[in-house]
Amino acid sequence: MTTAALSTVQLAPGQAAWRRFRRHRLALAGAVIILVLVLGSALGPYLLPFDDTYIDILKRFAPPLSGAHILGTDELGRDVMARLMMGGRVSLSIGIVAMVIAMAVGIVVGAFAGFYGGVVGAVLMRLVDAVLCFPTIFLLLALAALTEPGLITTTVLIAATAWMGVARVVEAQVRSLREREFAVAALAFGSSNLRIMFRELVPNAIAPIVVAATLNVAKAILLESYVSYLGYGIQPPAASWGNMLNNAQIYLTSAPWLAIAPGVAITLAVTSFNFLGDGLRDALDPRMNIP
Amino acid sequence: MSIGASGSEQVVAGARRLAEAHAPVLSVAGLTTSFMRERQWIPVVRNVSFDVAARETVAIVGESGSGKSVTALSIMRLIPQESGRIEGRVTLAGRDLLTLPEPSMKDIRGNEVAMIFQEPMTSLNPVLTIGFQIAEALIYHRGLSRAAAEAETVRLLDRVRIPAARSRFHEHPHRFSGGMRQRVMIAMALACKPKLLIADEPTTALDVTIQAQILMLLKELQEEEGMSILFITHDMGVVAEIADRTVVMYGGQAVETDATAAIFAAPSHPYTRALLAAVPRLGSMDGRPRPMRFPIVDKVTGTSDEPTDTPDTVSTAERPLLEVSNLTTRFPIRSGLFGKVSGRVHAVENISFTLRAGETLALVGESGCGKSTTGRSILKLVAPDRGTVLLDGRDVLGMDDRTLRDCRKQMQIVFQDPFASLNPRMSVGAAIAAPLHANGLASASQARDKVADLLVRVGLTADMAARFPHEFSGGQRQRICIARALALGPRLIVADEAVSALDVSVKAQVVNLMLDLQASMGLAYLFISHDIAVVERMSHRVAVMYLGEIVEIGPRASVFSNPQHPYTKKLMAAVPVPDPARRGARRQASNDEIRSPVRAPDYQPPVRQYREVTPGHVVQLWGEEWSA
Amino acid sequence: MARYVINRLGQAIMLLVIVSAIGFAILHLAPGGPLSQYAASAQMTQEDLDRVTKQLGLDRPLPIQYLDWFGRMVRGDWGRSYRDGEAVLSVIGSHLGATLELMATATIIAALLGCWIGILGALRRYSLFDSLATVGAMIALSIPTFWFGLVMIYVFSVKLGWLPAGNRETVGDGSLLDLLHHLIAPALVLALVETAMWGRFMRSSMLEVINQDYIRTARAKGMPEWRILTLHALRNALLPMITVAGLQFPTVLGGALVAETVFTWPGMGRLFLDSIGYRDYPVVMGILMFSATMVLIGSLLADILYAVVDPRIRVG
Amino acid sequence: MADETGRFGVLALRFGAPSRRRFIQLGAGAAAGLSLSGSAFAQVERPTNPPDKPRGQVIAALSQEPTVFHPLMPGIEVDQGIWWQVFSPLWFIDPDGKFIPDLAREVPTVENGGLSADGLTWKIKLRSDVKWHDGTPFTADDVKFSLELINNPDFRARSRVGHSLVKDIKVVAPDEIHWRMEAPYSPYMSILGSLTFIVPKHILEKVSDPNSSPFHNAPVGTGPFRWGERVPGDHILLNAHAGYHGKGPYLERVVFKYIPDLTVLYTQFRTGQVDYTGLQGVLPNFVQEAKTLKGRKIFVSATSSVEHIAPNLEFGPFADRAVREALYLAINKQAIVDALYYGLPTQTESFVPQQAWSFQQGLPQHKYDPAKANALLDAAGWVRGSGGVREKGGVKLEFTNSTTSGNAVREQTQQLLIQDWRAIGAAMRVNNMPAAVIWGDFWQQSKFNSVLVSVNFMLGSDPDVTPRFGSGAIPAKGGRGYNTYQYRSPEADRLLAEGARQFDLAQRKATYGDLQKLIRNDLAILPLFQGFIAEGVKEGLQGFRPNINTSINCWNIREWYWT
């Protein structure tokens with residue numbers, strides 16, 4: 001074929017997306033910050049001379065940059081930097097694990113609802129609608145107030161309030177993709193429903209799923225902090241950015257740095273994930289490929 | 001090619017006369033338009049020059065990517081400034097549009113040069129009434145009062161033959177069909193009596209009968225208004241129908257510019273020759289009972305191969321491969337709290353036909369006639385309400401899922417859009433092998449061999465298996481789709497508008513491939529198409545569908561040479577003939593719209609009677625609705 | 001249209017039934033109960049506790065309790081608060097005003113400001129303003145609302161003393177000026193996220209619209225740019241904002257809850273928190289049903305409004 | 001911080017314990033009850049003269065919202081803050097532990113003939129000059145109605161303890177009422193005296209549902225303040241009742257403002273928007289700063305509760321006394337008191353408040369001695385295993401500690417404990433829960449390992465702790481009481497029985513002194529310090545008198561006035 005069609009060289013979806021993504025400087029910055037936060041949380045504690053749970057009651061409320069404690073010490077004389085890093089482990093992993101759970105549930109529900117439509121779809125999507133009727137915070141608080149707080153419960157709870165959005169996105173995608181010729185062709189050449197759903201359709205919804213995933217991480221980190229702020233979160237002495245903030249609020253007037261450090265960390269992490277999601281959205285959405 | 005010499009001379013002479021009498025309205029010289037891609041200026045239109053004289057229609061014709069639309073947009077300076085660059089000269093009545101300041105350009109647009117676009121469905125603002133959208137040009141450019149503009153708008157709507165113009169003034173675009181919207185666009189374009197109308201593929205999205213109406217209308221209006229038209233199209237039939245002069249574009253360049261008759265009579269550029277050779281011509285198959293390959297012309301040298309007749313592939317001895325009887329598929333339209341059926345789309349209504357092994361039966365008709373639904377119903381991709389489909393004597397519709405999956409190995413489907421037909425996230429090899437894997441028919445290495453074999457069979461190479469769909473052109477993708485359809489060794493292929501979206505030259509090649517495969521594998525095709533000329537070329541038998549019913553069916557030669565049903569006649573008359581010499585025959589410019597197959601829930605379809613014209617050629621008896 | 005509305009209402013009622021069942025189950029199956037407080041403080045003996053449990057009907061099987069509650073609710077009797085004995089609807093009613101005041105103020109600020117920023121950003125895409133607005137919106141969406149509230153209190157109430165640290169009014173004052181003074185901080189905190197959302201939605205809606213064919217048509221018609229933007233583009237771009245407003249409702253309600261917590265605002269959010277803490281089942285259920293109803297009505301209204309405004313959907 | 005088991009409410013959960021006092025002061029002998037020593041709180045400057053007529057208003061901030069206004073229904077101590085203003089009891093207990101007649105003309109005693117010698121016949125003489133807020137005179141019928149209402153099977157009465165014994169109520173005269181007790185029950189004096197507010201018959205006899213009526217949200221009483229208005233979720237306004245029968249009121253208006261966030265509450269006190277911070281008072285970390293504020297006064301007063309670690313004695317390692325002793329030795333109590341509580345509370349070794357007559361002096365003093373703790377555990381056969389955690393016979397020395405989630409200072413205490421105990425090879429994990437969960441079955445049925453809690457052990461002002469430490473009072477074993485520690489000791493049972501039989505104060509002091517020694521020795525609880533509350537009052541507001549015998553220190557707003 002030597003037609004004109006070949007004259008406009010097309011890039012692989014991934015390649016083109018990477019080029020578009022690279023141009024999105026904020027998203028790149030977001031990715032870098034996330035990397036720094038993740039590495040910092042993962043490796044940082046090994047580099048610091050302080051243990052995040054070591055209490056030195058004589059050194060309470062040391063302000064930042066005074067002595068060895070870069071970010072100062074908290075109400076029990078623990079190193080804020082060390083707690084920030086350990087808190088990062090908790091907060092980031094809650095964010096990521098909650099996202100993974102929410103994604104898994106959302107994708108399965110959305111795929112089934114979108115593929116089968118009809119009664120199955122209606123029932124599943126009404127369930128989604130029903131859960132969406134509870135404002136997230138309401139649902140989270142109701143659930144949190146009713147269960148024992150902890151790492152796993154918090155993660156699951158946050159996931160439980162986040163899967164509906166994914167389900168909706170996937171449902172819409174699958175529903176429209178189901179009518180696409182390649183899906184009909186797969187049906188025509190005898191693919192099973194599961195095969196069509198998860199081999200043909202879901203991979204094609206990957207763009208919105210990836211975007212939703214990053215935004216969900218951001219949301220989950222925020223939610224963790226809300227839950228902890230309201231007093232149902234990660235149990236002490238483990239640190240999370242949320243419970244650090246919660247503990248700090250009564251010292252807001254006397255030791256504001258205690259509130260500033262985790263607040264900035266949360267904002268930074270959430271902003272980065274949001275930027276990343278935004279960049280991915282632009283990169284993966286071919287409609288944005290208008291010259 | 002059989003253009004009447006006298007006819008073409010007449011047209012050429014007329015065009016020359018016009019051109020000499022007036023200075024060109026529009027003169028394009030050395031137009032080069034580039035777009036910024038990857039920080040580089042990539043020229044998309046290169047050094048294009050042509051003139052449009054007063055009252056003249058100039059067509060720019062070319063295949064996708066040839067730069068014809070960009071040329072049109074460049075004249076209007078509608079290329080985004082930040083990412084596009086226009087060079088050269090565009091002179092409109094002595095003024096260079098490319099150097100004009102933007103505010104003055106606004107006075108040109110819509111006033112001296114008007115434009116209409118391909119997609120009537122999206123080109124009108126959905127939240128504004130059509131009257132308003134026309135009137136605002138009048139108010140803005142001609143300073144009319146609101147009332148005067150409204151009166152003028154109604155007059156314009158009348159002129160583009162919109163029935164009940166006054167009452168429709170306040171309606172929004174969604175209340176209009178595609179053809180009517182295009183009339184609205186034309187009315188809008190004519191509002192300020194422009195010197196030049198640029199029509200960018202204005203009929204491409206329309207059905208053939210509607211296309212004919214719009215072309216007629218444009219011609220009439222041009223005569224009344226005395227304006228020039230720059231007509232962008234890919235369809236040589238339309239070119240022959242409307243253009244005085246033609247610019248052939250290829251790869252961003254104007255490769256040939258001449259009077260239309262001259263180009264059709266004696267194309268000088270190899271590409272033009274190749275293009276014309278690939279254009280299917282209705283009536284060119286007279287006297288040939290079997291399908292025929294298209295001649296293939298080399299685009300560089302212009303040399304052509306000799307099209308050969310296809311061998312007789314139809315097996316007459318056995319029982320037909322496919323027997324469809326009384327097939328009916330309706331889609332309920334539900335509304336209300338309990339999903340009460342408030343109406344039904346009678347997509348397929350009581351149709352029956354047979355198809356023999358090695359035979360091609362074409363289903364033709366316009367949008368909404370149910371031809372695609374018929375194809376899908378046969379494969380049980382949609383559930384028919386009634387009727388039987390026998391494949392090799394086995395009842396497809398009554399099968400359980402497992403048997404159906406097994407049976408589908410015998411029949412496969414190829415779709416219109418080669419871009420949508422392949423999963424973009426699957427390599428071509430995986431896509432072709434998917435049917436094998438889905439049915440558990442082959443090991444990995446067996447599948448690899450089979451894929452290689454199939455790729456070669458459809459004219460590609462085995463090493464392409466690792467590539468992804470986006471690396472292929474539309475024609476190649478359609479070959480891949482065909483390869484995938486062949487993977488299970490089917491005996492019947494439903495080709496649902498399989499070549500309709502392809503460029504003319506590619507279309508010819510794919511049709512040739514399908515004919516070759518039929519010859520070598522004895523495939524039966526149910527060839528669903530709205531493109532009558534292609535159907536004529538490639539089918540043994542033809543069934544014409546209208547509102548879900550087959551109104552006429554029979555051997556292709558018989559139906560095309562002796563159409564009986566008024567709809568068949570109308571359909572065939574509407575097909576633009578790529579022969580400027582035959583343009584003279586004016587067709588009746590009706591305002592008929594394509595009727596909707598939506599019926600009330602209690603609608604009882606009438607019992608139809610049929611008449612056999614010649615052996616195998618059957619026509620539905622029609623009632624008064626066609627008598628007018 | 002009427003049929004559509006009836007259809008949607010039917011769906012909404014079905015949803016409410018599901019919501020109520022989920023809510024009721026979560027609430028009643030969870031550990032603890034309305035009498036834990038008394039059990040702990042040794043002010044009531046086990047006999048007293050058992051008696052009150054029985055008097056409240058909490059000893060019956062859960063499905064029976066649910067059906068009983070549901071039956072009454074359908075008839076308009078949403079039960080009475082265990083805490084103050086008031087009818088649930090009037091308890092909600094007495095807290096609703098404060099929440100609505102907060103939500104409405106924030107939404108109005110956010111819608112106006114957000115739309116303005118979004119439109120400007122879309123028109124001057126990639127300009128400095130657009131970049132700043134994008135980054136700003138992103139950060140606004142990422143700041144934990146309660147933290148921002150705390151910082152506001154610290155700066156404007158504790159350090160500068162310009163704004164009150166919380167509450168809706170000064171007792172005994174309650175003048176409009178006093179009300180507004182108290183409203184500023186919580187409304188701004190709530191409006192921050194809102195504005196960012198509106199801005200982003202508006203921007204992308206506008207961007208999508210200005211790439212549409214009909215905008216090209218308008219340009220080809222020679223319409224001046226401002227007219228294309230205000231008349232042709234904006235009208236279309238604003239349409240989806242109706243849906244955004246409808247879908248935003250749960251988010252705003254959630255945000256209001258957080259703002260109410262930080263600013264001790266006497267609204268539904270506070271009531272909900274307190275009621276959960278006290279296991280005041282009727283009130284918690286009431287608020288859940290009420291907010292679910294509001295959410296559904298919100299989206300229904302948005303859809304109806306959309307249908308009214310968008311000629312494509314408008315019937316007859 | 002005060003007694004807490006009753007702490008609930010979400011916001012309440014977020015900050016330290018609310019100063020919840022026991023509000024049913026069971027038990028007799030209140031005359032010899034707790035009295036606040038002068039040093040326990042800094043008394044206000046000597047009162048100037050109160051104004052002749054009510055003047056000004058007080059805004060009292062509460063961190064929980066009063067919602068129950070029917071004083072006979074289940075409610076918490078914030079609700080009592082309202083009841084004290086709107087209603088009157090027959091008599092009440094003053095800060096010195098004395099009964100003071102209110103609606104009654106005099107407190108019934110055997111001497112004045114109000115009580116028969118066997119304690120079965122009660123004859124109460126009532127004041128005849130009392131009027132309800134709506135002008136209707138108060139009579140003995142109201143008292144009869146109130147007592148009968150409590151026993152009404154349809155009425156969700158808070159408690160029928162004592163009341164269920166009352167029989168044959170006779171209204172002898174409008175100002176005199178008699179009844180018979182089914183059995184002698186001396187704590188009834190306290191129950192009637194401090195917590196049974198009399199409700200109006202003429203209003204409540206007409207309502208169809210005794211559990212909800214207009215009265216519930218617009219109560220009419222005989223107290224010093226009339227119901228004004230309530231803005232739910234925000235505030236309650238009370239107006240002076242001009243015809244009040246007792247002293248005062250001297251204020252025109254009282255506003256109870258609901259400010260759930262203690263930081264905001266303090267901020268508003270600081271900026272002067274609030275005149276008095278009640279209930280949970282001022283957080284310890286603000287006290288230092290608050291004391292320096294101009295025009296504000298901070299009162300730090302003791303409460304009758306004891307902050308302690310409650311071990312579940314049936315739970316593995318805690319069954320071993322050596323473990324409890326080692327854990328106790330390893331607690332750096334001083335650090336907790338000084339650093340986390342800013343030195344405000346006093347360390348204690350007993351469950352009896354130090355102001356009480358029954359308080360045993362000279363109990364063994366706690367000493368922070370990790371080395372000794374380690375030695376003790378080594379000797380007892382607890383050897384260090386993997387991760388430094390000791391074990392013995394397959395039982396690991398690890399346990400959870402729970403408290404109400406969100407209580408910042410307690411959570412800090414827990415973290416100190418973790419560190420202290422890790423040093424002796426004991427692994428503690430935090431498992432905090434919302435109030436509505438932790439104080440339910442978890443606490444009640446002894447499902448915990450250990451709990452950090454504050455409890456008022458006294459029955460009223462009586463040291464009879466049978467319900468707390470008696471072996472028959474373990475709810476998890478079907479007992480009736482609150483012995484959730486599951487403490488069982490024949491010796492304790494013997495002492496408790498003996499003490500309940502004794503009437504001589506000196507004898508009782510000795511008996512309960514022995515009990516305190518026993519409990520201290522057995523370490524049935526690991527006591528930390530005595531409860532306290534820091535309350536802020538605006539300068540110039542006179543009459544604030546903390547009362548350890550009531551559950552809320554704004555009990556006497558009727559006597560408050562502005563200078």
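Predicted model: local features only at pLDDT ≥ 70, side-chain atom pairs only at ≥ 80, totals over all residues.

Colleague: What makes chain C and chain B partners in a contact?

Modeller: Contact means heavy atoms within 4.5 Å. By that test, 24 residues of chain C and 31 residues of chain B take part. The area buried between chain C and chain B is about 2400 Å²; this is accessible area (1.4 Å probe) lost when the two parts are put together, summed over both. Carbon and sulfur atoms give 61% of it.

Colleague: Why is C:R227 with B:E136 called a salt bridge?

Modeller: The rule wants a side-chain nitrogen of Lys or Arg within 4 Å of a carboxyl oxygen of Asp or Glu. The closest N and O atoms of C:R227 and B:E136 are 2.7 Å apart, so the pair qualifies. Two salt bridges are found across the interface of chain C and chain B.

Colleague: Which elements of chain C each supply at least two residues to the side that touches chain B?

Modeller: α1 (2-29), α9 (213-220) and α10 (225-262) of chain C do. Helices are DSSP runs (H or I, at least four residues), strands likewise (E, at least two), numbered from the N terminus. α10(C) gives the most, with seven residues. By class, that side of chain C has eight nonpolar, six polar and 10 charged residues.

Colleague: How do you know that C:D274 is buried?

Modeller: Buried means under 20% relative accessible area, with exposed over 50% and partly exposed in between (1.4 Å probe, protein chains only). C:D274 has 4%, so it is buried. C:D274 lies in helix α11 (residues 268-277) of chain C. Beyond its neighbours within four places in sequence, C:D274 is in contact with C:R83, D:E65 and D:Y258.

Colleague: What packs against the buried residues of α7(D)?

Modeller: α6 (262-271), β11 (296-311), α9 (333-340) and β18 (526-538) of chain D do. The buried residues of α7 (residues 284-291) of chain D include D:P284, D:F286 and D:A290.

Colleague: What makes β1 and β4 of chain B a pair?

Modeller: Two strands pair if DSSP finds at least two bridges between them. β1 (residues 24-37) and β4 (residues 84-92) of chain B have eight bridges, so they pair, in the antiparallel sense. B:A29 stands opposite B:R89 in β4(B). Their open sheet has four strands in the order β2-β1-β4-β5 (chain B).

Colleague: Why are β2 and β5 of chain B at the edges?

Modeller: Because β2 (40-53) and β5 (95-96) of chain B each have a single partner strand, one side of each lacks a neighbour in the sheet.

Colleague: Which residues make up the two faces of β4(D)?

Modeller: In a regular strand, side chains alternate between the two faces of the sheet. In β4 (residues 121-125) of chain D, D:W122 and D:I124 form the covered face, while D:T121, D:K123 and D:K125 form the uncovered one. Five bridges join β4(D) to the antiparallel β6 (residues 176-181) of chain D.

Definitions and conventions
Residues numbered from 1 in each chain as written. Chains lettered and ligands numbered in written order. Heavy atoms only, no water. Nonpolar A, V, L, I, M, F, W, Y, C, P; charged D, E, K, R; others polar.
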